Amino acid sequence: MADTVLGVRNLKVAFPCPGGVIRAVEGIDLDIHRGECAALVGESGCGKSVSAQAIMKLLNTPPAVCRVDKLWLDDLDLTHLPDRQMERIRGKHMAMIFQDAMTALNPVLTVGKQIDEIYLRHSRLSRREARQRTIEALELVEVPEARSRANSYPHQLSGGMRQRVLIALAFACVPKLIIADEPTTALDVTIQAQVLDVLKNMQLVHRVSALLITHDLSVVANMADTVYVMYAGKIVERAAMQELFLEPLHPYTHGLLASVPRISDERQPFVQIPDAVPHPMRKPAGCYFHPRCPRSNDPCRQRMPRLEGPDDGRAVRCWHPLRQPHEVRS
Amino acid sequence: MTRNSPDPQPLLEMENVSVDFPVKGPYPFSKKRWIQAVTDVSLEVSEGETFGIVGESGCGKTTLANAMIGMVRPTAGTVRFQGVDLYALKPKAFKEARREMQMIFQDPFSSLNPRFSVYEIIREPLYIRGQASETVMKGKVRELLKLVGLDEDDMYRYPSDFSGGQRQRIGIARSIILNPRFLVCDEPVSALDVSVHAQILNLLMDIQKSRHLTYVFVSHNLAVVKNICQNMVVMYLGTIMESGSSDAIFANPLHPYTKALLSAVLDIDVTKPRDRILLEGDTPSPIDPPAGCRFWQRCPSAMKGCRIVPAELVEVEPDHQVVCHLISGLSAQQVADGLHEPVSPKSGG
């Protein structure tokens, strides 16, 4: 598709281990359009972060084994791109915002130096010009007193400020795609609201596409346009954000949405999904969700359903979805 | 705090409790400084209720919870459990009193000893007290494992064999083996996967009903607190901002901080757009907290007086108290001095 900024076809990641093979990602397809914010949602261990790292080609191989049929960023084909050339792409055309700003930033360099580096690496600027751009970048993410803050070390900044610095870093070269891996998980609610606002603004101002990786459905509801729900290494549902929240099709998505407590709820027992996510080395046969699923029957125990639905719209991987994807208005 | 509670004597009562921690100064002989983790907190927890403590990280909610069950000695104030001053007790009586109060920890990955089997973990409190025989302990552990939804055979496995949710179940079993009356749950689900939150919360509620427990529930998740707590306090930088019944607070939040906190909670309800109050800046350091109201620097409607005059707790309606000059108003003298004029939260410091 012409408008696709990031395209992924059949991405697989596995980690051979002493006791067997962990299939972290089992063939996922993604299409992220220009200016769109897509969210990859799932619980810990579902393979969402690994997918992001595989797309950025940040995984060490070995131990990881990555296979992808096709991977492209705008007009660049990344499928077989060697590491040396990926270096030129990372930071300039696609950038990542990490979860934990304290470990993502270098503790012995001032934050200004770390942002300068991006400009010096990817564009021909003098140090002075680079610093000027750095200060502008920090101002854009609403860091107060950007000029003096550029000379602070990461530990001198608060969590929210550090996360802003990471956002400034990622947007420094105005990339085509930003991958934000749990950008606000480590933050408090009031700070989370600030940081998400900054992130959304930056994305809209620069018309950058984003892939948001999170386990927090409320973040998705406030940020994303399209949602991919992952479970045990596979995408189980794909939908536009509003549709997903209004009418989930997969029993897992349905259960997940129902189990999130809301402020508007009356006092009552919480809706729960039984059991827990399967161990990545001991995934059940058939549909991975069937042991926890209220709708499961024989076919669910034997065969894995396919992700079915119109090419670019709603899709669900389930033998017994709450409704068929083509029945839902799109 | 006044409340028309049916029980005349609250199970737990805190009166003007402060907890300070010393911190080293930047130089070897510099003056000792203090982190004021909790300052002048008074509250009551009555028998059988679930009491919520809400606030952001660093606001002192965990320290307050620790002070309740005798894990941190307050620098000032008294903690009375069943009418007895906890910290005035002799060591032996103190140990006996603490039998009644237990804790569920936040992180089930670091709160279970990886070298202990599940049996050893759960029986540990009984074992330390040294009053039960091996057979009694085994029977008790079996019974508890069943209660928390685990298998009897899990007794001989190790924590590494279990998922986060199952580990938290083990932690819950350990905390109730001494038949406590009072249980502090310090963020019991925040380290767990979203799909198991509900399981653990429901389990906690079931246990509360069957064993008639009183919970203090520490959380930053307002939706959970609203759903399970009858009474609650909202904390900011070591002090209580608003307290009362959770119905009253959620229906009619009065303190600007409570309002901001509530509006910052992202809801998954996509049908209705909401106005968000975005707070400026970060929580200030508890080492040198601002004089006056601790929230004034970030408060969207701060007055000049808020910077210097600490606000008093006022009761706005039954079961609803708030600490804010906007609600209690300033005295005539203070208004005459111009203290009611607004300050922009950015100026001064």
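Which strands of chain B does helix α5 (residues 164–176) lie across? Helix α5 of chain B lies across β6 and β7 of chain B and runs at about 175 degrees to β6(B). Axes are lines fitted to C-alpha atoms, for helices over the stretch in contact, and angles run from 0 to 180 degrees between N-to-C directions. Contact between two residues requires C-beta atoms, placed from the backbone, within 7 Å. Helices (H or I, at least four residues) and strands (E, at least two) are DSSP runs, numbered from the N terminus.

The model is predicted: local features need pLDDT of at least 70, side-chain atom pairs count only at pLDDT 80 or more, and totals for chains, interfaces and linings use all residues. Residues are numbered from 1 along each chain as its sequence is written, while chains are lettered from A and ligands numbered from 1 in the order in which they are written.

In chain B, eight strands form an open sheet with mixed pairing, in the order β6-β7-β8-β3-β9-β10-β12-β11. Strands pair if DSSP finds at least two bridges between them. β6 (101–104) and β11 (313–317) of chain B stand at the edges with a single partner strand each, so one side of each lacks a neighbour in the sheet. From one strand to the next, the twist averages 20 degrees. β6(B) pairs with β7(B) (residues 182–186) in the parallel sense, over four bridges. Met103(B) has Val184(B) in β7(B) as its bridge partner. Helix α9(B) also packs on the sheet, touching β9 and β10 of chain B. Its direction makes about 100 degrees with that of β9(B).

Helix α9(B) spans residues 256–264. Its buried residues (20 or more other C-beta atoms within 10 Å of their own) are Pro256(B), Tyr257(B), Thr258(B), Ala260(B), Leu261(B) and Ala264(B). Their cover includes α8 (189–206) of chain A. Chain B contributes α7 (222–228), β9 (231–236), β10 (239–245) and α8 (246–251) to that cover.

A further open sheet of chain B has four strands in the order β2-β1-β4-β5, with antiparallel pairing. β2 (33–45) and β5 (84–85) of chain B are its edges. Strand β1(B) (residues 12–23) and β2(B) pair over nine bridges. Val17(B) stands opposite Val41(B) in β2(B).

The contact between the chains takes 39 residues from chain A and 33 residues from chain B. On the side of chain A that touches chain B, α8, α9 (217–223), α10 (241–246) and α11 (251–259) of chain A each supply at least two residues. α8(A) gives the most, with six residues.

Conventions:
A residue is buried if 20 or more other C-beta atoms lie within 10 Å of its own, exposed if 12 or fewer, and partly exposed in between; C-beta atoms are placed from the backbone.
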